[in-house]
Each structure stands twice: as structure tokens, then as C-alpha cells.
Amino acid sequence: MQKKYIFIVLMLLGVFFQAFSQNNLFIKGKIIHHGEPIEGAVIQIKNTSMGAVSLKDGSFELKNLEKGTYTLLITYVGHKKVEKNILLEANGVELPTVELEDDQLNLEQIVVTATRTEVSRKDAPIVCNILNDKIFNATQSLTLSEGLSFQPALRIENNCQNCGFNGLRMNGLEGAYTQMLIDGRPIYSSLQGVYGLEQIPVNMIERVEIVRSGGSALYGSSAVAGTVNIITKEPRKNQFYISTNQAWVDGSSPDQTYMLGTDVVSEDRKAGLSLYGFRRDRAFWDKNGDGFSEIGKLKANTFGLKTFYKPTEFSKLILQGYSIYEYRRGGNRFEYQPHEADIAETTTHNILNGGLTFEQYSKNYKHKIALYATAQDIRRDSYYGGGRDINAYGNSIGQNVVAGMQYSGDFEGEKLGSHTLAAGWEYNIDKLDDNAPAYERFIRQTAEQLGVYAQDNWAITPKIRALLGLRFDTHSLLENPVFSPRISLMYSPNEYLQLRAGYARGFRAPQVFDEDLHITQVGGGGTVVRNSTTLTPEYSNAYTFSIDYNKYISNDWAIGFTIDAFQTQLTDVFALEEVAIDTTGNILLERRNKETAIVRGFTINPKIAYKSIFDLQLGFTFQNSEYGTPIQWSESIENTSKKFFRTPDVYGFYALGWNVSKKLTVNLSGVYTGSMAVQHYAGDIAEDRLETTSVFLENNFKAEYTFLPKKNSSLRFSLSGGIQNFTNAYQEDFDKGENRDAAYIYGPGRPRTYFLGLKVQL
């Protein structure tokens, strides 16, 4: 009897230990790249939220697994993904060392802007370019505006000699034709757009996704030229960094920048926090010795965070927010108050932004619902004045709220292929209160927009994909709702070649745009922009076609070549025409509807890379931009040319990186700006003139040396130095004195500039 009880107890213990062991299995491994361990690679069991991150020695371990067959997905930014099928039985599994290969062409990087759902860049039916840390670091870019110049068909232009107002032109169209997104939300308001490109520091950015022309219709108003989506950094591994960049404009005027940040992720990856800070202090610079700045004084502070928490295996909560303070001033007599200067343009911005997103997945991870809300408050104090005008002070308040919901789901069919559906709604309210008493400009505007959209990313066959989308918008400044369809087709005859073609319809509402909120000083007066009382919506029809060839030759060489043709037809196009010069010398420009305009051209973007040692990328755009009839921009001269102003027919960039050794990297980069027509108002010159500018090729050089204090130490130092615009390709014919035309500025944004940088990582 006693033996019987002992047998039963042993049997129960065996069952218990067997059950325990089934739920305590593991998968171990190590991730390397060119023989070196990789820290921060993400190892995930496909179609689940179970995962791990590789440690400093490249090792990882997944614990508490049950028996079964698993597909392991291993990813790391800038590298090809690896999938491994694993049969887990009675014991754990220790994998052979996993070697990751470089993804120099970014083909396997996941993007969301092309389709509003996650898709690899190679499989997206719409061309989506990526701007990431690699380009920011190679070009020593400190802010978003500096990095955007190194993308195909994008050009940063300088619009004011005083305050340094920047603008982005995409496919030759000015900034208001581009929809700016932050984490996919259209929170980037008209008030922030005046100086906002320089207010986003690079240590806030994980990557920037760019969709040009007709691919962006599903993002609503102003997504005519394209969409720029700023994806903020999300914590992925435990780290800390601090860095500084000390620069001297023209070898004399200091520009000091400091960045710091930290990421913390829990061991079970259910929670994480990313913090970042940025500070910049730039002195003004005077090129021609007249006492007036060509580059203005700048002080900026930014602090932000992004954090996530996973309440369950199938849900995720994301909180993000930032604050931005910026003070800038241009003109003369900087030691005095603005109204005591002969010319002063000065602004002080205080920006607060916060957003919350909740994501819920189905148990098979094929369906997802996202709810989100983001709010932003901007307070701006300004002075735009000349002649020591004590009344030229102003203030602006901008408040924005974006809220929405999106569903996405994957469906597979035997006959009709697979479908990825996306549908949702988005509400956006933009309130603006702007006061400029000296110019009798008082703007009170509330623009409300409600958009409903649906889209099908249809994989018809393994070689053919179609993207079918439709957005329906109601806008408080429009009488009738707007339908914005888009369709794109992709044909991949083989794994190296993708042919894409697309059409999309877009619109712009007759509201206040960013350039309206800046008053340029000309001849001692100001240039003021207003909308015509009869302004009606502007519509666009955009057509695109691209050939994209990319191939990895063995494990060493990678080559790519993209030709992207575009044509955008605008009807009831918005154009600025001079309507009056008042008794105080202020120039009034009015935005009116013209009949038509057309922008057409093509971009070539070749790439070549050898392992992680050498890579070269070029992007050149050739285009023609014309109105249906000439724009009369001056009362004193007649314009007979139909061409867009400030739009070169040819522009582009190059970026070359060479890892001389594991510790030393050398980078060369440059921006080419072709000749263009620029308005030049009377003031320093006797009469208005339409000028034809010179051609510029700005070249930059950077060397960076990275070293470890101790072998296998997690502490890393990077010392860098170089010269930006070392050929000093820069405008020579600036106006002088208090009567100058501050908007008569073109070409590169800075002269020859020397810099030294130091970064410490832990």
C-alpha cells in the first residue's frame, strides 16, 4: 500500500515537472555584424508580441516558451531582416550565431506613410524615401531643415535675410503644398510652418518618411506636392548620450549646439521611455559689413519625451510630448530693443505639444484599431519693423487639435489575392489669432476639417500590386465637400525591378498659410500678404511614374537606380500679385486665383554601396514649372515670363560615406542649386527688377573618429570635425542698409562654416 502511494506521488511530480518544463523552454542566440556583436537588435516571435532585444555582447534569450513551432523575426535598423523557423521540443534551443547583412538600399525598412499601414519599402506601391540618422550624421545636420536637402526633389530655400525664414519646396512647389506630419498626425500648423523646419532637432527624430506628388492624397488638404512624416524616437534599448557641435560661421560667428538624451526599456519590453533635450545659441553674422545681419541671432531650447506601455499582449499605449522655446532676431543694433533698431525682425516662440495613442490588436495580429488625439499650443511674440517704429510689435496664438481612429486589417484570399485594408476618420481644428497693428493686419481664423478615408493595398499576384484609396473631406472654409481619390499600380517582373504608376487628386483650402504670417522688410516698409475675399479652393491632378532597380551583388556590393517622373496640374492656382504700396511704403501682396499651372519633370537617384565601407547616393531633379499666364508681381514692371519664381529647373544633392576603418569615417556631401528667377524689390536699388541668379554647388566635408576607453566597454566617444560649404558658394549681391530688400536672398543657407563635434554614448 505504501509503495502504491509513493508511485502515485512520483507520477504526479513527473507530470508537474513535465508541465513546468513545457512552459519554461527557451530560445537563445547571438547577433553579430561583420564579426562584431550588435546591441539593440529586436528578436520577435512572428505574429505575437513576445520578443527580446540583444545585449551588448549580441546575446538574447526568449524564456517561458511552450513546445511548438515558431518563426523568429530578427530586425535591426539599416540591416536586412532574418527569419528562422524553430521547432521547440523538450529542451531549449541555442541557435548558431546569426550574422546580419547591411541593407544599404533601405529596401526592407518598414514605412507607414506610403499606405498608412506598415509595409516594407520595397513592397509599397508608392515610392517612399527615408531620411534617417545616417544622413543627419554624415552631413552634420542639427535640425530637420538641414537634413531635408539630401532627399530627391526636395529643396530648402532661404526666404529672409533678417530672421532666416526657411521654406521647403517639393517637386518645385512651395511649402504650403506639402503636408507636414508628426508621427502621422497633421498637427504642424500654419503658424508653426513659418519657422518650424528649424525648430525640430535631429535627436528628436527616428526617421523621416517622404512621399512625393500623387501618393499623398489620403492625407487631406495641402498634400499636393507630397507629405513629410516626422517619426519621433521610440525607446528600443537602454542608452544615454550627450553631444555638442561648436561651429564658426565664416570662421568668426559662433554657433553652439548641445544635445542629450536617454532611453530606458523594461526587461520584458512592456514599457519604455525616451527623453531628449536640445539647446542652440547662434550669434548673428554680417557678410558685407553694413552692420545688418545676413544670418540672424538664434537661441533655442527643446525638451521632449516618448513613452509606451503594453497593458496586455495585444495592446499598446503611447504618450508623446515636447516643448520648444525659440528666440530669433535679425537686422541691426542687436544691443538695443527692436524698436530702437533701423531694421528688426524678431520672434519668440513657446510651443507645447502632447499626444496619446492607443493600439489594439487581434489575437492573430492581423487586425488593428488605433485611437489617437494630439493637441498643440503656440504663443508667438514678434516685431517686424523698420525706421524705429515703436508700433511694429505683434503677437500670435495658434491652437490645434487632431483626433481620429484608424482600422487596418490583413485578408488573404485564394482567388483574389491578399488585401491590406485601412479605413478611418480624422478631425482637425486649427485656430489662429494674429495681430500686427502697425500693418493693420488682424487675423481671426478657425479652420475645421473632417476627413473619412478608405484604402485597399491589394496584392493581386506576387508580381502585381494595386493601391486604391479615397478620402472625403468637409472643410469649414469650403462650401462643398471634396473627394480625393488615388490609385497606384506596381509591377515587379523580378525581385530587382519595380515599376510604379499613380494618379491622385488633391486640394488646398483658401485659408491663411505660413508665409502670410511673416512680414519681410523692404525699403524701410513691410511686405504684407493677404487672401483675396473671392479666393476659392485650388485643385490638383497629379500623375507619377517610376522605375526602381535595386540589386545586392553577392554580400558585398549593392546598386540602385530610380527614375521618378511627375506631372502636377493645378487649377484655380493660388498666386501672389502686388496690389498696392501704401503711404508708409508697405507693399501689399494679395493671393488670388489664376487659371492654371503645371509642374512636370523627373528625378534620377542612383546609389552604390560596398559592404558597410563605402556608399554613394545622388539625387538630381530636372523640371519645368509654369503658370498659365504670367504673374504680375510688381506695379512698376511688366512680367512676360510664365515661370515660377524662386524655382530652379535643375537642383540636387550628393552624399558619399567612407568607413576608412572601424574607428574612422569620412563623409563628403553637397547641394546643387541651379539658376532661377528671383524678384528684387526697390529700396537699396532704384527700381524693381527680376533677377536671374547664379548656379551654386555647396560642398561639405566631415571626418569622425570613434574610440572606446577600454576594450568591450559600453562607453564610446566620437570626435568629429569638418567644413560646411568649404568652397564658399554663397550669394554675393546682398542689398545693404536699412532700405534693403530682405527677401532678396537665394542659394546656400550659410557661407563657409567650420565645426568641431563631440559625442559620448553609454
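User: Hey, new to this one. Which element gives the most to the lining of the second largest pocket?
Analyst: That's E5, with seven residues in the lining. Keep in mind that we're looking at a predicted model.

User: How much space lies in that second largest pocket?
Analyst: About 890 Å³. The lining is made of 29 residues, and the closest to the pocket's centre are Gly51, Ala52, Glu267, Asp268 and Arg269.

User: Which elements give two or more residues to the lining?
Analyst: E4 and strand E5, which covers 59–65.

User: And how do the lining residues divide into nonpolar, polar and charged?
Analyst: There are 12 charged residues, nine nonpolar ones and eight polar ones.

User: You mentioned E4. What's the order of strands in its sheet?
Analyst: The order is E4-E3-E6-E7, an open sheet of four strands with antiparallel pairing. Strand E4 (51–53) and strand E7 (82–88) sit at the edges; each has a single partner strand, so one side of each has no neighbour in the sheet. From one strand to the next, the twist averages 20°.

User: Do E32 and E36 pair parallel or antiparallel, and over how many bridges?
Analyst: Parallel, over five bridges: strand E32 spans residues 525–531 and strand E36 spans residues 587–593. Val529 has Leu589 in E36 as its bridge partner.

User: Last topic, Thr374. Where is it found?
Analyst: Thr374 is in strand E24, which runs over residues 367–386.

User: Is Thr374 buried or exposed?
Analyst: Buried, because its relative accessibility is 6%, and buried means under 20%.

User: What does Thr374 touch, not counting residues up to four places away in sequence?
Analyst: Thr374 touches Arg185, Ile187 and Gln320, then Asn353, Gly354 and Gly355, and also Asn400, Val401 and Val402.

How values were computed:
Residues are numbered from 1 along each chain as its sequence is written. This is a predicted model: local features need pLDDT of at least 70, side-chain atom pairs count only at pLDDT 80 or more; totals for chains, interfaces and linings use all residues. Side-chain values use heavy atoms; hydrogens and water are left out. Buried means under 20% relative accessible area, exposed over 50%, partly exposed in between (1.4 Å probe, protein chains only). Contact means heavy atoms within 4.5 Å. Two strands pair if DSSP finds at least two bridges between them. Axes are lines fitted to C-alpha atoms, for helices over the stretch in contact, and angles run from 0 to 180 degrees between N-to-C directions. On a 1 Å grid over the protein atoms alone, a cavity is a set of points where a 1.4 Å probe fits but cannot get out, and a pocket is an open set with protein on both sides within 12 Å along at least five of seven lines; lining residues have an atom within 4 Å of a point. Grid points are joined across faces, edges and corners, and a volume is the space filled by probe spheres set on the points. Ala, Val, Leu, Ile, Met, Phe, Trp, Tyr, Cys and Pro count as nonpolar, Asp, Glu, Lys and Arg as charged, and the others, Gly among them, as polar.
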